[in-house]
There are 2 protein chains.
Amino acid sequence: MGGDFAPEQIVKGAVLAANNPERDFEILLCGPEAVVKDELKKNGYSGNAITVIDAPDIVAMDESPTQALKTKPKSGLVTCVALQKQGLAQASVSAGNSGAMMAACLMILGRAADVARPAIACAVPTAKRQAILLDCGANVDEKASVLVDFALCGSVYAEAVMGYENPTVGLINMGEEEKKGTEVLQETHQLLKKAPLNFIGNVEGRDFIKGHADVAVAPGYTGNVILKLMEGFYELTHEVFGEVKTEKANEFERLWDYRNHGGGLLLGLNGVGIITHGRADSIAINHSLFTACKFAKADVPAKIAKKLSAIKQNSEPA
Amino acid sequence: MGGDFAPEQIVKGAVLAANNPERDFEILLCGPEAVVKDELKKNGYSGNAITVIDAPDIVAMDESPTQALKTKPKSGLVTCVALQKQGLAQASVSAGNSGAMMAACLMILGRAADVARPAIACAVPTAKRQAILLDCGANVDEKASVLVDFALCGSVYAEAVMGYENPTVGLINMGEEEKKGTEVLQETHQLLKKAPLNFIGNVEGRDFIKGHADVAVAPGYTGNVILKLMEGFYELTHEVFGEVKTEKANEFERLWDYRNHGGGLLLGLNGVGIITHGRADSIAINHSLFTACKFAKADVPAKIAKKLSAIKQNSEPA
């Protein structure tokens, strides 16, 4: 029931995925049973790739996360994360209240060992190939060590799920020189130089768009602004150039339409969570389900935990 | 001699402006006399709208600003700002080392009364009309009161130069709610609500592109990232759609080509300074000269000083 277009678009997206011959997962739809079944009927779905799990509580988009978790234990998002904890699901996707989804994941799944604060990562287009941008808004006022954790999480995801070998990692900054940016960014730069990462240094906004970094790290505030700007740019160009049908234009449309990007990947948890755009439509939901499956199959949480604990052990005094 | 394409493009841009029948200013070109005169000859310019002022010292793009000011008193940028201080020029434009230009302006012109830290503002395109984005990178780790000064400076410029009546002011943030964003942004939001401005609240990246705010305020780090992203995005769309010649496409090209935007406006100084893009070509230089003239004619520095001192007097205890 989460997101601006629930339940219609959510159920329609699930049906899209269920009917896709490349699907290699099953779908548990968590929401008020009668409502969800009614939507499935409207979509003419009677296959067995979708199971409805009754979750009658409804969390509003602007509800306080902690309040929602306390008073609505039978919401779709809590139900779906709890199924993962019980081993009955391997990933959870929500288009709903993102604070509540993050809180549910944190409370029920917990953090991957040694991750101080989970991040929201997004696979975003660049002029070269998709890049992982994080944090896209789960955190504010991060310390340098937290930004370094983000870099490590993003790097593991880019390698495990996107198949990038030794992905390049850049720090989003206002100049290439080490001494540029806020105090926290300057400290982060020094820590990243020493981390077991393919750190390529600071990356400016222009070079980020050009695709200089496979993994781009920014504080949650700035990362969120970047993500939303990219959405805004896409919408604007779609409006201006949407009727252009050259090969280049079609490719641009495919890459930049944010519905195709899979949603916000929660990295640093003891499990797999995805927060889609609140305005996610059926196409976005369909993509998020496929992304969640890849994310789970690649066993990203275990890989992140392993990488981080190895680093932290090495850096402890003998 | 500043910028990546000096002296060729700088002189060519000055000649472009000099030959423009709408020009209502004269140009003092500050650089090594023989070199500049040689360039003028190459451009076939022999009119009297351009005067060459000998300034033999050359500041490198990566030179330390304080070092450059100390050791190179006869650089183009110092010479040109000093002319303004003496009342022989009304505005200074540089494509060179932006730190050195800012430092020269601060040292020679000084700050407008009551402005704690000058900002770099840019007139950027949106889906509606141009907006003033600031700070674009002159500062880092700003306090809330500094961000409020930025809002006031930007608002005065938008009104005085761009002719926007009662311009809307937004705070670039990661959500619309007051409690979103970093601690500093939350504090800034509260201060902006009380300021004599047309404050419309937080503006997310997407809504900024849509043109929700005439003046958009962000810390220098994030503002710089936004500006560079916009440049990168323009370059990408130009590559993909550059050959499209519909009316909408031509309009997009005109609005989004950052060479047309006039450069970085230094707001909060006791004078008029513009830092153009390091990669400014003749078209960009030409636009910056026209912008500098408007900026000076509108007497923005005096208006900013007046507005800020009135506010600070009112807020003092009786």
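## Report on a predicted two-chain model

Of the 216 residues in the largest nonpolar core, those that touch the most other members are Ala121(A), Leu133(A), Val217(A), Ala121(B), Leu133(B) and Val217(B). A nonpolar core here is a set of buried Ala, Val, Leu, Ile, Met, Phe, Trp, Tyr and Cys residues joined through C-beta atoms within 7 Å. A residue is buried if 20 or more other C-beta atoms lie within 10 Å of its own, exposed if 12 or fewer, and partly exposed in between, with C-beta atoms placed from the backbone. Not counting residues up to four places away in sequence, Leu133(B) touches Ala121(B), Cys122(B), Val124(B), Ala216(B), Gly223(B), Ile226(B) and Leu227(B). Two residues are in contact if their C-beta atoms, placed from the backbone, lie within 7 Å. In soluble globular proteins, nonpolar side chains tend to be buried together.

The model is predicted: local features need pLDDT of at least 70, side-chain atom pairs count only at pLDDT 80 or more, and totals for chains, interfaces and linings use all residues. Residues are numbered from 1 along each chain as its sequence is written, while chains are lettered from A and ligands numbered from 1 in the order in which they are written.

### Chain A as a whole

Chain A has 12 helices and 10 strands. Helices (H or I, at least four residues) and strands (E, at least two) are DSSP runs, numbered from the N terminus. The radius of gyration of chain A is 20 Å, close to the 20 Å from the globule rule for 318 residues, so chain A is as compact as a globular protein of that length. That radius is taken over C-alpha atoms, and the globule rule is 2.2 Å times the number of residues to the power 0.38. Along the principal axes, the C-alpha atoms of chain A fill a box of roughly 60 × 55 × 35 Å. Of the 318 residues of chain A, 55% count as buried. Among contacts in chain A between residues at least 6 apart in sequence, 71% join residues at least 24 apart.

### Domains of chain A

Domain 1 of chain A covers 1-112 + 269-298, and domain 2 covers 116-267; these bounds come from an automatic or database domain assignment. The C-alpha centres of the two domains of chain A lie 25 Å apart. In the contact between them, 19 residues of domain 1 of chain A meet 14 residues of domain 2 of chain A. On the domain 1 side, α5 (98-108), β10 (273-275) and α11 (282-297) of chain A each supply at least two residues. The largest share of that side, 7 residues, comes from α11(A).

### The contact between the chains

Chain B can be laid on chain A with an RMSD of 0.0 Å by a turn of 180° and a shift of 0.0 Å along the axis. The two copies are thus related as by a two-fold rotation axis. Copies are superposed by least squares on the C-alpha atoms of residues with pLDDT of at least 70 in both. Of the residues of chain B, Thr222(B) comes closest to the rotation axis, its C-alpha lying at 2.9 Å. The same surface serves both copies, as 100% of the contact residues of chain B recur in chain A.

The contact takes 35 residues from chain B and 35 residues from chain A. Two or more residues of the chain B side come from each of α8 (205-210), α9 (220-241) and α10 (247-256) of chain B. The largest share of that side, 16 residues, comes from α9(B).

The table gives the make-up of two contact sides by class.

### Local features

In helix α4 (residues 76-85) of chain A, 8 of the 10 residues are buried, so the helix is largely enclosed by the rest of the structure. Its buried residues include Leu77(A), Val78(A) and Gln84(A). Their cover includes β1 (27-31), β2 (50-54), α3 (65-71), β3 (92-94) and α5 of chain A. Gly87(A), which follows α4(A), has a positive phi, near 85°.

A cis peptide bond with omega of about -5° joins Ala6(A) and Pro7(A), and Pro7(A) lies in the segment before α1 (8-18) of chain A.

Asn166(A) is not a glycine, yet has a positive phi of about 45°. Asn166(A) sits in the loop between α6 (144-160) and β6 (168-172) of chain A and counts as exposed, with 11 C-beta neighbours inside 10 Å.
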